[in-house]
Structures are given as C-alpha cells and as structure tokens.
Amino acid sequence: MSSAFQPVLPGSAAPHEPAPATPKQVPHRGGTPNPSAAALQSRFPGLVRRVEVVWGETSVYIDGAHALEIVRWLHDDASQRYDYLSDVTAVEYRDPEQPIEVVWHLRSLPYRRFLRLKAELPKGAPLEVESVWSVYRAADWLERECYDMFGIRFSGHPDLRRILMWEQYREGYPLRKDFPLRGRFSRSEQLRQALAANPEARYSMEELTIAQAFEDLPEAMRRRLSSGERTGE
Amino acid sequence: MATTKRTVEVAVGTSGLDGNGRPRRMPLTVTENGSVATIEPPPPIEPDLVGEHMLINIGPQHPATHGVLRLVLELDGETVVRCIPHIGYLHCGFEKIGEYRQYNQVIPWTDREDYLNSIGNNVAFALGAERLFGVEITPRCTVLRVIAMELSRIISHLVWLGTTCIDIGAFTPFLWAFQERENVYNLLERWVGARLTTTATRVGGMAADIPDGWMDQLRHFIKTFPKTVDEVDRMLTKNGIWVGRTVGLGAMSAEEAVNYGLSGPMVRASGVAFDVRRDFPYLDYETYDFEVPVGTHGDVYDRYLVRLEELRQSTRILAQAADRLPDGPVNTSDHRVILPPKHKAMNNIESMIHHFKQVMEGPRPPIGECYVPVESPKGEKGYYFVSDGTAKPVRWRIRPPSFVNLSAIPKMVEGHLLSDVIAINASIDIVMGEIDR
Amino acid sequence: MGLTPRPEPAGTVTTYDPANQESWVATRLDFLVNWSRAMSLWPMPFGTACCAIEFMATAASRFDLARFGMERMSFSPRQADVLICAGRVPFKLAPVLRRIWQQMPQPKWCISMGACASSGGMFDNYAVVQGIDTIIPVDVYVPGCPPRPEGLMYGIMMLQEKVRRERMADTALRHEMEPDPRSGLYIPPQAIDELSEPFGNSVHQTRSGL
C-alpha cells in the first residue's frame with residue numbers, strides 16, 4: 001500500500017533498446033542470433049555443440065551432462081539474467097537414428113530475450129539429464145511431465161514420479177514414437193488396469209507420513225521416509 | 001452437586017479480532033442448564049492432540065476445484081500445513097494426437113484443450129503454424145484475430161468471475177457473467193457457427209469472414225458490456241465479505257512469481273508487468289492503446305482487481321480494432337497453405353492441384369521449429385512445433401500456463417485455512433483441460 | 001457384427017398381458033411417482049471439460065434448468081438423481097466415475113452428455129475411455145461437441161419421458177448392475193472391445209495410417 005510501489009518492468013536492463021514490435025517477414029534461416037548464444041560459446045567453449053537460428057529463434061545445442069551448470073550461469077550472470085523458465089520438454093524424431101532432444105525455453109524478462117537450449121540424448125544410453133529445479137521452481141512439474149511422457153530421468157529432482165498418468169501405469173511412456181497412438185493393450189485391458197489402479201486409494205509416500213497408516217508401515221520403510229526419500233518408479 | 005463443565009470455545013463478537021485478523025477465542029464454561037458460569041483459562045492441550053494432523057482429500061470430483069483436480073491437504077485443525085496436488089484426471093493425449101494429424105486438422109484439438117479460450121487458442125495455433133510455414137497473413141485477418149483474442153479473453157475472465165464468486169459464496173455474479181457470455185456466444189455463432197469450440201482459424205487465414213451486420217452487433221456489445229463490469233465492481237470490490245475472504249491470501253512476491261514460472265494475471269498481481277502482448281508482441285498489439293494492470297500485493301484480491309481491469313482493457317482494444325478493420329481478403333493468397341476459393345479450384349488447374357494436395361495430404365512446412373507465445377487469459381500460452389517437412393508435426397507441444405501456475409499452489413496455501421484453499425485455487429484460474437492435455 | 005445381447009435376468013420381465021392388466025390405483029400411483037421423479041431430477045454434474053461449460057450455460061439464465069426442477073445441483077452423489085457426465089473421461093478418472101455412480105442411491109439415471117462421454121469422441125487414443133457405457137449404465141446419450149443447451153434440454157426431456165414410462169411392477173428396472181468381481185468390469189471384455197472398436201482391434205496402427 002506504499003506510494004513508492006514500483007512494478008517490475010520487463011526490459012528494465014536494456015532501456016535503450018527500441019520498444020518490441022511484431023516480427024514481420026521472419027526468415028527461415030539466417031536471422032540475427034540472440035547475443036546469449038555468443039556469450040555461451042565464449043563462456044563454455046567445449047559444451048556448446050552448435051547454434052541454429054530458425055524462424056528468428058536461437059537454439060543452442062549443449063552437452064546434456066552440463067545442463068545445470070549452463071542454466072545456472074544463464075540465470076545468475078548479470079549480462080544474461082534469464083530469470084523465467086518458460087518450458088521444459090522433449091522431442092523425439094520419426095527417424096529412429098536421431099537422438100531425443102531435451103528442450104529448455106528460457107526467457108530473460110529484464111532483457112526481453114528468448115533462448116532455446118537443447119541437449120541431445122542418444123537412444124542407446126539411459127535417458128538422463130540434470131534437473132534445473134534448484135534454479136527454477138517452475139521446472140518441478142514440467143520435468144515430471146517430461147519424465148511421464150518420455151521416460152527421461154531428471155537427476156536431482158526432489159520428487160520425480162508420474163504426473164499425468166497414474167503411478168502404476170504399465171503401458172510405457174506415451175509420447176515415445178514406438179508407443180502406438182491407442183496404447184499397447186486392448187481397450188478392455190486398459191479399462192481393467194485403470195479400474196484396478198484406483199489412484200485415490202494409493203497415497204504417495206509423502207501422504208502416508210501424514211495419515212494414520214504411517215504406524216503400520218514396516219520399520220525399514222518408515223526410516224527411509226523420515227530420511228526424506230520419495231517414491232519413484 | 002458438581003456441575004458438569006463443558007469447555008466451549010466461542011468467538012467473542014465480531015470486533016474481537018486479534019493481530020492476525022482472526023477471531024479472538026475466549027474459552028467459556030457452560031453449565032448444564034446452559035448458562036455461562038465462570039470464565040476459566042483453557043485446559044492444557046493433551047499431548048497427543050498436538051501434532052496429530054489430519055489428511056483431507058479434496059476432489060477429483062468437487063464443485064469448487066474447477067475441473068478434476070485432486071488436492072490432498074495436511075491440516076492442523078483448520079490450518080493447512082501441506083498441500084499435495086494431483087492432476088492428470090483429464091489427460092487425453094492431445095500432444096500425441098497432434099503427431100497423427102495434419103496442421104489444419106489439429107485446430108479442433110486446440111479448442112478443447114483450454115475450452116474457455118477456444119478461439120484464442122485457435123489464433124495462437126495459427127500464429128505458430130504460420131511462422132513455421134513462413135506465411136504472412138492479411139491485414140484484415142490480423143485485426144479479426146485481435147478481435148477474436150480479446151473476445152476470448154473476455155469470456156474466459158467471465159467464467160473465472162462467475163465460478164470464483166460461486167466458490168466464495170456470491171451466486172448472482174455467476175448469472176450476470178454467463179448472460180454476458182451468451183452475448184459473445186451470439187457473436188461467435190454468427191461468425192463461425194459454433195458457440196464454444198469454434199475452430200475459427202486455418203493456417204494462413206480464418207475459416208470464415210465475418211458476416212454482414214456483425215460489426216454492428218460487436219459495437220453494441222462493446223457499448224453494453226462495461227455496464228456489467230461496473231455492476232460487478234460495485235457489488236464486490238468494496239464488499240466486506242469479499243474483501244474479508246480474499247485480502248491477504250495466497251500472496252506471492254515478484255521474485256517468487258517469476259521463479260515459479262507464473263504468467264498472466266497471477267504474475268501481474270504480484271507486481272511484475274509481464275504481458276506477452278507488450279514484451280513479445282504479435283498481431284500488431286504494439287499499435288493498440290491499452291494498459292496492463294499490475295497489482296501490488298499478489299494476493300487473491302489483487303488478482304481479482306487485475307482481471308476485472310483486464311475486462312475493461314479488452315473492451316478498449318475491441319473498440320479500437322472495430323474501428324480499424326480494413327477491407328480485403330481474409331485468407332492469404334498463398335494457396336500452398338490455404339485452400340483456394342471454390343471458383344478458382346473448379347476453373348484453374350493450378351488451384352485444383354493445390355486443393356487436391358491440401359485435402360489429400362495437407363500443407364507441408366519446411367523443416368524447422370517454432371514457438372510463438374501469446375497472452376492467453378491464463379498466462380503465457382504457446383505452441384511449440386517441430387517439423388520434419390511432412391504434413392504432420394513431429395512434435396506439437398502445448399505450453400500450458402495453468403499447469404505452471406498451479407504448481408505454485410502448495411506454496412500459496414501453506415498456513416491458510418481450509419476455506420482459503422478454495423479461494424486461492426479459484427484465483428489461479430485453472431482449466432484442467434489445459435493442465436492435463 | 002452387432003452386439004451380443006445380454007441374458008435377461010430370469011422371471012423378472014414384465015410384459016403387457018391384456019387379461020392381466022394393472023389396476024387403476026397402481027397406474028395412478030405409477031403416474032404420481034414417475035411425475036414427481038421426472039419433474040425434480042436433481043443432477044449430479046460430473047463435469048470434466050467443455051461440455052461442463054455448456055452445462056453451466058444451460059443452468060444459467062438464458063436456458064434456465066430451474067424450469068425443469070434441476071437447478072439444485074447436487075455435488076454429493078448421495079443426494080442426486082441423475083448423473084450427467086459432461087466431458088471426456090480419461091482412464092485415470094474411470095474409477096472415480098465408477099465410485100460416484102455406485103454411491104448414488106436408486107432410483108438413479110445417467111445422461112452421457114457430449115461425444116466424448118458417449119463414445120470417446122475425437123479422442124481415440126491411449127488415454128480416454130471410449131464411451132462411459134463401458135463403466136456405468138447410460139440412459140440417454142446427447143451427441144454434440146459440445147451439445148447446444150437446447151440439445152441437452154432435449155436429452156433431459158427424453159430422460160423425463162423414459163422416467164414417466166417406468167412401472168413399479170417391473171422389478172428388473174431398479175436392479176443395480178454389479179461388476180464382475182474377478183475382472184472388475186461391468187460388461188464382459190469382448191463386449192467392451194466391440195463397443196470401443198467397432199471395426200476391429202483399434203490398438204493396431206493400420207487404420208488409415210492414423
């Protein structure tokens with residue numbers, strides 16, 4: 001209620017840039033890259049695989065093993081200040097040789113910039129990448145959904161379990177290309193499994209600590225819960 | 001003879017509020033015949049009542065969860081200690097289906113996903129797809145899409161208003177809001193034929209141009225709608241019950257809001273003036289004269305004020321768009337992307353081939369990817385397309401604003417009462433269709 | 001192909017036998033009971049998606065459901081008469097819908113509102129139940145995506161007509177359908193597959209390449 005309230009204005013870090021306008025006649029390739037791409041290449045020389053500018057958007061392909069380090073630098077550095085995580089998702093191509101890409105959409109509100117980071121995960125190896133939850137709380141559910149739909153594990157995520165499908169879902173990871181559109185089981189089997197799973201009757205470990213059932217759990221499980229372990233797949 | 005003493009906690013009048021704004025409770029002792037005997041200090045709380053928290057499950061079927069959301073709450077008496085939300089009860093595989101349909105065939109799915117903002121989603125999809133195809137739309141189409149988006153914003157905020165009022169206890173604004181929605185439904189029905197699930201856009205243009213007399217009807221709506229907004233304002237903004245139930249709840253600071261990825265009225269109520277129409281414009285929004293309302297406290301009351309003001313600003317944009325609607329074709333003339341008009345397809349071999357290829361196979365974009373965000377009534381909405389040159393997308397990702405906004409609910413309800421959970425949940429303006437997709 | 005008919009429960013079907021007509025009192029009693037039931041059906045709106053918004057619009061001022069006696073939405077199934085399933089039902093929600101139906105006391109009816117509730121609608125994929133009649137018995141199907149409020153009201157009036165034609169002498173009418181205890185399914189698996197996939201097992205990908 002103070003008269004000195006100042007709203008946080010996007011673009012505050014770049015006050016001399018012209019006011020943003022609707023992009024017109026955006027070229028397919030060869031547009032101006034986001035200055036952060038060059039900054040990333042100079043700061044992390046070995047970790048940036050390539051930079052592409054498609055339809056005016058800069059995509060930086062990075063090494064997946066160092067994703068957290070790069071994202072943290074982009075968040076903390078004063079010349080980058082990517083304070084807003086728009087999306088975490090994954091892409092699997094129809095060509096089975098191509099790796100699965102994990103995509104981060106980052107936005108810098110002070111500089112009004114948009115950056116796409118991509119990490120390629122080859123299909124032969126386990127699909128794992130670091131979680132950026134410690135940098136952006138927005139990654140919480142976004143990474144859980146990515147895990148649910150693609151089976152990509154985000155190491156360091158506090159509570160990685162299925163979010164859209166029920167936890168005991170057996171058919172697989174739906175958005176993978178080898179997962180058929182209508183699922184792997186017949187309709188009656190899908191129905192039977194869904195009715196048997198009965199998600200409300202199953203509480204997560206976190207919820208069980210609240211309920212009376214905590215006392216009935218075996219000792220080993222209670223110890224694991226008290227030490228902060230979460231249930232996973 | 002010993003009197004039976006029952007210790008009863010009673011709120012002392014309405015003026016007895018303590019420093020936290022909660023009713024001050026003074027224990028009274030009531031005798032058998034009902035008269036107040038003495039005032040005694042409360043007995044010490046028995047040890048095993050302390051720390052025994054209750055597990056309560058709200059949903060997934062519940063009138064106040066705005067869809068099929070399940071909240072598991074840990075309560076200490078009436079106060080929420082922890083909240084664990086469960087979603088996925090409306091997961092219908094939108095993104096998977098998008099990989100099996102041509103670009104124009106995906107548009108009906110965008111209606112159903114955020115069903116309160118159907119035509120807005122259609123526009124968002126078309127913007128992203130047109131960027132992916134490298135097609136420019138006509139000036140008339142641009143202005144029509146602005147009209148569509150603002151109408152969509154109005155009807156979405158009206159549903160939010162109606163359902164939030166019902167949750168908090170006021171029934172009448174729900175009827176007012178839905179009556180105004182009927183007026184917009186009349187407009188949409190005359191334009192595209194459907195009330196709710198409009199499928200109004202195509203890649204490169206719109207499904208149909210506006211009929212004659214439509215602009216007059218729109219102008220009539222622009223004239224009469226602000227009266228309803230003022231009526232709601234008069235009823236709620238300074239209403240003691242409304243203020244008492246919404247002020248101070250679920251506050252998020254500006255840094256938290258940005259870090260949690262909140263967008264739309266949620267982040268604007270917390271003092272961050274992030275509006276995609278201003279900061280990453282599309283459809284020539286920078287040429288329209290409108291204000292972006294920003295709240296000061298980030299609580300439920302501020303979100304209400306922000307959305308109410310957005311209703312007014314949307315009406316303002318509608319008036320400007322109605323005045324500047326240019327003549328000309330609605331659809332682009334690039335017939336590799338959009339169907340040619342029938343008379344050309346029947347008389348001109350090139351148009352006939354375009355028509356054939358588009359109907360049989362669908363328009364094919366170049367290899368690439370694209371993400372064009374728009375300001376939906378819920379927040380930053382965008383469709384991320386990845387194309388491999390075929391008629392069906394390789395990946396169609398929906399960036400769901402309500403999904404990310406809802407993930408902040410455990411943070412927002414901690415320490416509040418059970419009835420506040422309902423108010424806070426209502427203030428996020430969630431649509432489960434968008435959250436679960 | 002067609003559906004294999006379910007066997008009728010033995011000895012409980014009433015047929016009209018002119019020599020053995022019901023008495024005038026019984027018919028009047030039937031009329032009274034059915035009239036009071038039909039004219040005050042309290043709906044339980046199991047609204048999930050877009051159809052729920054059209055349901056709300058039907059309940060609002062313009063298409064007022066109060067004139068049918070249905071303005072008292074009962075969100076507790078224990079006090080409801082009609083379950084209006086408005087919206088798509090994914091598999092995760094199926095046990096919830098089943099439990100809500102089981103919690104409703106007889107007499108109860110069900111309206112499946114919209115294409116998605118009736119048959120899975122446009123969502124022929126891994127996640128959506130292909131018609132809620134695989135889980136609960138449905139009385140009236142209202143097509144549309146979403147159905148117009150007038151369409152929903154027509155469906156409600158059809159249900160009212162159905163209620164009015166009930167007879168107390170028909171003991172099979174309020175028979176609670178129990179699921180098979182082993183499979184947990186309400187109708188046999190072959191019937192479910194037939195209902196969901198009229199042209200064969202649709203979990204194969206070969207149908208028109210989709």
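How many residues does the contact take from chain A and from chain C?

Modeller: Happy to. A quick word first: this is a predicted model, where local features need pLDDT of at least 70 and side-chain atom pairs count only at pLDDT 80 or more, while totals for chains, interfaces and linings use all residues. Residues are numbered from 1 along each chain as its sequence is written, chains are lettered from A and ligands numbered from 1 in the order in which they are written, and side-chain values use heavy atoms, with hydrogens and water left out.

Now your question. The contact takes 24 residues from chain A and 29 residues from chain C, where contact means heavy atoms within 4.5 Å. The size of an interface is often given as the accessible area lost when the parts come together. Here chain A and chain C bury about 2300 Å² between them, with carbon and sulfur atoms giving 62% of that; buried area is what the two parts lose on being put together, summed over both, using a 1.4 Å probe. Two salt bridges are counted between chain A and chain C, a salt bridge being a side-chain nitrogen of Lys or Arg within 4 Å of a carboxyl oxygen of Asp or Glu. Arg187(A) forms a salt bridge with Asp124(C), and the closest N and O atoms are 3.0 Å apart.

What about chain C itself? Chain C has six helices and four strands; helices (H or I, at least four residues) and strands (E, at least two) are DSSP runs, numbered from the N terminus. Along the sequence, chain C reads α-β-α-β-α-β-α-β-α-α. Chain C has 210 residues, and 47% of them count as buried, meaning under 20% relative accessible area with a 1.4 Å probe, protein chains only. Among the contacts in chain C with a separation of 6 or more, 76% join residues 24 or more positions apart. The accessible surface of chain C, from the Shrake-Rupley method with a 1.4 Å probe, comes to about 10100 Å², and 60% of that belongs to carbon and sulfur atoms.

Chain A also meets chain B. There, 75 residues of chain B touch 70 residues of chain A, and about 6000 Å² is buried between them, 57% of it on carbon and sulfur atoms. The rule finds ten salt bridges across the interface of chain B and chain A. In one salt bridge, the side chains of Asp388(B) and Arg94(A) meet at 3.5 Å, N to O.

Key. Buried < 20%, exposed > 50% of the residue type's maximum accessible area, 1.4 Å probe, protein only.
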